[in-house]
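Biologist: Could you walk me through this structure? I would like to start with how its parts touch.

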Amino acid sequence: MGSIELKSVGKRFATFEAIRSIELKVEDRERVVFVGPSGCGKSTLLRLICGIDDVTEGRIFIDGVDVTAVGSAKRGVAMVFQNYALYPHMTAEQNMGFSLRVAGVPKGERRKIVRGVAAILQLEHLLHRYPKELSGGQRQRVAIGRAMVRRPKAFLFDEPLSNLDAALRVEMRLEIIRLHEQLKTTMIYVTHDQAEAMTLADRIVVLNSGNIEQVDTPRNIYHHPANTFVAKFIGSPKINLIEVDRLAAAGLGQLVTLAGRLFGSKVRSIGIRPEMLQLAKNGAFSRLCMNVEYFGSETIAYFEGFDGVPLAAKASGETHFQLGQSYKLSFDTVGLVGFDTTGDALPPL
Amino acid sequence: MSRSSSRESRSPLVWQWFGTLLVAAFALAFAFPVYFMVSSAFKAENEILAIPIHILPYQFAGLEEFRRAMEIAPLANYVWNSALVSCVNVVCTLLLSAMAGYGFAKFNLPFKNFLFFFVISTMMIPQQILVVPLFVEIKYFGWVNTYWGLIVPGLMNAFGVFMMRQFIAEIPNEIIEAGRADGASEVQIFVILVLPLLLPALASLAIIIFIWSWGNFLWPLVAVSNEKLAVLAVGITTYTQPYQRQPMWGAAMAAATLTTLPVLIVFLAFQRHFVKGITAAAIKG
């Protein structure tokens, strides 16, 4: 078992409120990803769960037991740090076996456990090496191994792949998923990389300024964002947010009527994902093409926006756009999201 | 190549030679007293003060002056006392400085910055000013003419605390946090994780403290009057005391050579650490 529950958890540093009364339940064996912009409090929240920092208010439960006042070593969780935090003067084997050493586990047994974990992580041939003799990916695996040796109820990953190059990041991402399938342990993962969040998570927790904006599956977070912050944060390029008033001012009354019909009279802006904005001969409106980014398999074109912010459209790599040329655009109403004046999403009528 | 460009390329070379000669001249000026001391230890007594100076002994006296030095005063005793005081000073200062530096660098203590400033401000007080209050203090404890009185006042060293704090501040917090998460106690974190990472800094500090302690003259002179407890720096004055019938310069030079030898060996062996430690402590912040 490894469920984690946060009840009204808050953290204040002097006058700065890093975490504001957070309520969250992570189920046993679940893979949850904390995502948000820099300074949103995601790493702080992880450190509170780990017990490295103390909460200012609220309580933390692991497996139903209140661990708020319990030290990090006795919470049954293991953390993997962003910069690996390997002990530089110890070999990979000594690093992985450190928790067992301080717990007084005999050397022979320690070696057996470490070797077992090393076999899972394919680290057996590297056990005698010091951290400086390992590559970034290998260090990361040793750091994960060090956490695994403790047989924790939950793994806490603090941006563990941010120091790796893009190719290795993808490889390690798959390895973490494989490990999770194998170990069947609760996993909380912090990242600012939305691709990592989308691929790793059973559920994503989107944080902003110490608050939870939305907790949901990656699919729902993407297609049904709770508010404009989530809508803008998840998805690349960003969602196109168009104010209804701007549409009216541009003479696109039919789109205003459509928005009202879909989301009611409270609708103040609509969100269209770039892949839903398509070129069409009988498109609803025309815009000038201002910029084009070619990625091989896809092309992203930026059109003149209604309020100065360009509208992004994702098309196949075969599509050619001409800068400065006007194109007729349309969109699928199925993927449309409506927001009220406060930025909260409106349910479709 | 034109004349002007040839002059330009020659000019830095001239400056390089000039700089090298200047440094060599300074090095010679500093090394000469040491050379004079060592060579005089092997000269006959009448040759030591001869004018003009004999660069090499005309009458090589072998180890005669060393034998005399042993006879005149309990030199072995001085060496033992110096070694004991210096080694205890080194071990205790390293441990206490590392502990204090760790506290200042990694813990959020109330008034931490004020306390640290207070500690390093004591570096500005000359030892001569502290001698009287320290003597009153050891007299109060009944430590005059004891090893305690000789050793204890030198155990805390503000420079050591400053140097350790600078080095420990460079150790990533995550390593200490990982240690805590791994279940290590604060003592285990300090001993198993922090101290090994400080080895280069500890080596530099050890050399600095050893040199300082081995050559310390004023405090042992004040704290101890019993010859059995005298350290080398104080004991060496026996050879040139005015109440001797005549100063025994040969024996004095032999004793001085023996005094300098351990420091020289330690310095030459760990010179790299010494320079690295001093410069790193100055740069890190």
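Modeller: Nine residues of domain 1 of chain A are in contact with 10 residues of domain 2 of chain A, where contact means that the C-beta atoms of two residues, placed from the backbone, lie within 7 Å. This is a predicted model, in which local features need pLDDT of at least 70 and side-chain atom pairs count only at pLDDT 80 or more, while totals for chains, interfaces and linings use all residues. Residues are numbered from 1 along each chain as its sequence is written, and chains are lettered from A and ligands numbered from 1 in the order in which they are written.

Biologist: Changing topic, how many residues does each chain bring to the contact between A and B?

Modeller: Chain A brings 16 residues and chain B brings 14 residues. On the chain A side, strand 6 (77–80) and helix 2 (92–102) each supply at least two residues, and helix 2 of chain A gives the most, with three.

Biologist: Now the sheet in chain A, what is its strand order?

Modeller: It is an open sheet of four strands in the order 2-1-4-5, with antiparallel pairing, and two strands count as paired if DSSP finds at least two bridges between them. Strand 1 (residues 4–13) and strand 4 (residues 57–62) of chain A, for example, are joined by five bridges, and A:Ile4 stands opposite A:Ile62 in strand 4.

Biologist: Which helix lies across strand 1, strand 2 and strand 4 of chain A?

Modeller: Helix 1 (residues 42–50) of chain A does, running at about 65° to strand 2 of chain A; axes are lines fitted to C-alpha atoms, for helices over the stretch in contact, and angles run from 0 to 180 degrees between N-to-C directions.

Biologist: Last one, what does A:Leu156 touch?

Modeller: Not counting residues up to four places away in sequence, A:Leu156 touches several residues, including A:Leu46, A:Ile49, A:Met79 and A:Ile188.
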